[in-house]
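Have a look at the chain below, and then we will walk through it piece by piece.

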Amino acid sequence: MAKVYTIASGKGGTGKTTTTINLGTSLAQMGHRTTVLDADLGMANLGLLLGLEEEPVTLHEVLSGDQRIKNAVYEGPEGLQVVPAGLTLEGFQKADPEKLQDALSYIIDNTEYLLIDAPAGLSKDSVIPLAVADEVLLVVNPELSSMADGLKTRVMTDKVGSDVGGIVLTRAGSAGDDLDVSRVEDLLEAEVLVSVPEDAEVRRSASYKKPVVLHSPNSPASQAYKKLAHKLTDEEFVEEAPAQEGEDDGFVNKMAKAIFG
Ligand SMILES: Nc1ncnc2c1ncn2[C@@H]1O[C@H](COP(=O)(O)OP(=O)(O)OP(=O)(O)O)[C@@H](O)[C@H]1O
């Protein structure tokens, strides 16, 4: 039986998909059978960011009743199992989010960890991803509006009877870095499990359709995601030294640096 984490936030763009992909890849890298599932049916970026773009069967077909979930599971990096949502408007319109709970039983029986990338905002589409979670991870940015959205998600999580496992503070440092973590914890009544710094490597790796934990493993955001994975599995984490300026990190990375700075 899988342990199910739903990665949720109020508004979009906080770093939910980034967290799902990098936490999932880190768990897989540590040898845990892990599946990531894109329940953000409208945006559907998770598969895209892992290089799965035109898969014939996606969660859309499963939720429209045309396919079985086992046909929508693809192999990602490090043996990570990936269930993408489709990219067409037609597929999105046909998908019935209320079928998600039934569709999940196959995955829950066949993986150790299931990470669900929840839809942004609070609509009826977010209820099932929150309700099926053993633990909800609240993804928030260090901004007042993001905290307020996180609080709404926390209230909704309580209403559906799930537990909040903790807070993933992402893009930390982007708002002046004077955030008092204990105040965030008091507000959201949960522990800040990790603080993921604002890190240009995250966007750079996305343009290569690779998780940052693989593309730039000792960058600050990668280290934070690996630390989170170790925390959730109760395994000891030994931080890697950051790459030194000028260290030879390969032709492709050098080219990316020249383009993206
Ligand atoms: N730690 C970080 N440092 C820098 N950029 C980041 C970081 N985390 C995420 N980003 C960037 O922020 C943007 C939004 O991230 P992401 O897609 O993960 O958010 P999301 O909450 O899943 O959004 P949506 O709900 O709209 O799908 C992306 O461009 C991503 O590359």
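Which residues in helix 11 are buried?

## Helix 11

They are A221, S222, Q223, A224, Y225, K226, L228, A229 and L232. Please keep in mind that this is a predicted model. The cover over these buried residues of helix 11 includes helix 1, strand 7, strand 8 (192-197), helix 9 and helix 10 (212-215).

Helix 11 itself runs over residues 220-233, which makes 14 residues. From its first C-alpha to its last it reaches 20 Å, close to the 20 Å expected at 1.5 Å a residue. Just after helix 11 comes D234, whose phi is positive, at about 60 degrees.

Eight of them form an open sheet with mixed pairing, in the order 3-4-2-5-1-6-7-8. Strand 3 (74-75) and strand 8 stand at the edges; each has a single partner strand, so one side of each is left without a neighbour in the sheet.

Strand 6 (residues 135-140) runs parallel to strand 7, and six bridges join the two. Within this pair, V136 has V164 in strand 7 as its bridge partner. Strand 6 also pairs with strand 1 in the parallel sense, over four bridges, and here T6 stands opposite V136. How much of strand 6 is buried? Five of its six residues are, which leaves the strand mostly covered.

## Helices on the sheet and beside it

Helix 1 packs on the sheet, where it touches strand 1 (3-8), strand 2 (34-38), strand 5 (113-117), strand 6 and strand 7. The direction of helix 1 makes about 165 degrees with that of strand 5. Helix 11 packs on the sheet as well, touching strand 7 and strand 8, and its direction makes about 165 degrees with that of strand 8.

Another pair to look at is helix 7 (residues 144-160) with helix 8 (residues 181-188). These two pack at an angle of about 35 degrees, and their axes are 9 Å apart. On the helix 7 side, M147, G150, L151 and R154 meet V184, L187 and L188 of helix 8. Sorted by class, this contact has five nonpolar, one polar and one charged residues.

## Around the ligand

Which residues come nearest to the ligand? Of the 21 residues around the ligand, they are G12, G15, K16, T17 and T18. The elements that give two or more residues to this shell are helix 1 (16-29), strand 7 (163-172) and helix 9 (200-207). By class, the shell is made up of six nonpolar, nine polar and six charged residues.

## A closer look at D199

D199 sits in the loop between strand 8 and helix 9. Is D199 buried or exposed? With 22 other C-beta atoms within 10 Å, D199 is buried, because the cut-off for that class is 20 or more.

Leaving out residues up to four places away in sequence, D199 touches S219, P220 and A221. A221 is also one of the buried residues of helix 11. As for V62, 137 residues away along the chain, its C-alpha atom and that of D199 are separated by 35 Å.

How values were computed
Residues numbered from 1 in each chain as written. Predicted model: local features only at pLDDT ≥ 70, side-chain atom pairs only at ≥ 80, totals over all residues. Near = placed C-beta within 6 Å. Nonpolar A, V, L, I, M, F, W, Y, C, P; charged D, E, K, R; others polar. Expected span 1.5 Å × (residues − 1). Buried ≥ 20, exposed ≤ 12 C-beta atoms within 10 Å, placed from the backbone. Contact = placed C-beta atoms within 7 Å. Axes fitted to C-alpha atoms, helices over the stretch in contact; angles between N-to-C directions. Pairing = 2+ DSSP bridges.
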